[in-house]
2 protein chains.
Amino acid sequence: MSKCEQCIVREFSSLKALNKEELVKLAECKTSRLVKKGEVIFEEGENVNGIFCVKDGVCKLTKLSQNGKDHIVKLVTKGELLGQRSMISEEPVNLSAVALEDMQVCFIPKSEIMGFFDKNNQFSMNVMRTICGDLKESDDHVVNMAQKTVKQRLAETLIYLQDTFGKNEDDSLKIQLTRDELASMIGTATESCIRLLSDFNKLGLIELKAKKITLKNIPQLKKMA
Amino acid sequence: MSKCEQCIVREFSSLKALNKEELVKLAECKTSRLVKKGEVIFEEGENVNGIFCVKDGVCKLTKLSQNGKDHIVKLVTKGELLGQRSMISEEPVNLSAVALEDMQVCFIPKSEIMGFFDKNNQFSMNVMRTICGDLKESDDHVVNMAQKTVKQRLAETLIYLQDTFGKNEDDSLKIQLTRDELASMIGTATESCIRLLSDFNKLGLIELKAKKITLKNIPQLKKMA
DNA sequence: GTATTTATATGACATATATCATATTTTAAG
DNA sequence: CTTAAAATATGATATATGTCATATAAATAC
């Protein structure tokens, strides 16, 4: 059982408000788990009863729409927490979480977290701020979906992916999404996504090599987003 | 200066957790205001530094998109609070609030609310749950925008409007939105919205009389949503 | 290494939706 | 009441995007 004190999640998430004593308690009650790429952490409708700390790796949060397609609502990466919303709302989770890479996650049972809410005001405020940030992001997202073209959303998403997850030594996007996943982030058909990537490629905005995507003209991409 | 004890906002919002003493303090520091239809309560980017209680009337929360169109993200009605998110995030407001009808609102300064956060845990939890509910709604909204057709979104929105705001004696929707506003809720061009309403009318799903919209075949509308 | 599956790519076409033009109706202003 | 302005309505057309078919390339299994 590893300690929580030095954990990256503690450093970047709401958990930074916890004191030593609380961290010791946390380390005792948490359970760690390795999640392989493609594995499901939890599924829409499940009762999770706690939160997950993402220690390493990235996962997608998806929601099944009525037409049977999965939509990727958000990507969650190391340092972040998972499942806070449904724990607070005391509802089944609204989204499914699926690993995009091999991951390390810890699970903290609800009872433990609720105790922090009662005793540590700073922690409560941190959680509240995080969720408020998520809400703002989500509202902005709604407007983008409603008002921007697929092309604009693709440009925007490519920039977001580079800004958030960085690039490899060869400058290609570090995070590996299939065309299908990229399409389900921007809310379009896979073929449309592929076609637009191809267009961007021809225009010199990006470069496609095998599965790798490299952004070549970021100012132009930003301008069109 | 009216009391807060019997206020509808207190009854339905997070404020229900406040005790008598806190309500007295609230009544002392709040300011009341009448807002005429069309008037702006606050505008995107403003610093609000407090929250609004909607005592009567309905307003729209809008965000200006890059193409210059306003998108209606949410409608807020009597009994609800306004501006919680930005107060907690300590950011300018992300959305503009504009009255759709004559309204009565009260303003409570941030300092007062922050005091409740510190001392009244139930209040904090209520606020947190409200925002979590908003987040779920917003995420669902993103998926709808991304995956549903305009027709589906219109059907869904009409049902939402009736369920949320009710109908007049003649069965027409109580809330009065212009076609332009309806279009900006579902994320489409005004003409497209008008055309689809016209289609729905011809199909007997709804009835259009002057500006009034009456839902005629709700099961069918639900099925297509 | 070959076979099989899966992902990517592209063409042809259908459909949904936006845009522009214009008419009609309703609301507001004088 | 009359006129002007705004909202609603509808047609014609352009454009974006989805769908289906098929080809090629890459990944995985055997």
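**View 1. Chains A and B superposed.** In this predicted model, a rotation of 180° with 0.0 Å of shift along its axis places chain B on chain A, with an RMSD of 0.0 Å.

View 2. A residue is near the strand if one of its heavy atoms lies within 4 Å of it. There are 17 residues around DNA strand D. Val150(A), Thr188(A), Ser192(A), Arg179(B) and Ser198(B) come nearest.

View 3. Helices (H or I, at least four residues) and strands (E, at least two) are DSSP runs, numbered from the N terminus. α8 (190-202) of chain A and α8 (190-202) of chain B each supply at least two residues of this surface. α8(B) gives the most, with four residues.

**View 4. Polar contacts with DNA strand D.** A polar contact is a pair of N or O atoms within 3.5 Å; within protein, one must be able to donate a hydrogen and the other to accept it, and residues adjacent in sequence count only if both atoms are side-chain atoms. A side-chain N or O atom of Ser192(A) is 2.8 Å from a phosphate oxygen of DNA strand D. For Arg179(B), a polar side-chain atom lies 2.9 Å from a phosphate oxygen. Which part of DNA strand D does Arg195(B) approach? A polar side-chain atom of Arg195(B) lies 3.0 Å from a base nitrogen.

View 5. Why is β3 (residues 50-56) of chain B largely enclosed by the rest of the structure? Because five of its seven residues are buried, meaning under 20% relative accessible area with a 1.4 Å probe, protein chains only. Strands pair if DSSP finds at least two bridges between them. Six bridges join β3(B) to β8 (residues 103-109) of chain B, running antiparallel. Here, Asp56(B) has Gln104(B) as its bridge partner. Two bridges join β3(B) to β6 (residues 81-82) of chain B, also antiparallel. Cys53(B) stands opposite Leu81(B) in β6(B).

**Notes.** Residues are numbered from 1 along each chain as its sequence is written, and chains are lettered from A and ligands numbered from 1 in the order in which they are written. Local features need pLDDT of at least 70, side-chain atom pairs count only at pLDDT 80 or more, and totals for chains, interfaces and linings use all residues; side-chain values use heavy atoms, with hydrogens and water left out.

Technical notes
Buried means under 20% relative accessible area, exposed over 50%, partly exposed in between (1.4 Å probe, protein chains only). Copies are superposed by least squares on the C-alpha atoms of residues with pLDDT of at least 70 in both.
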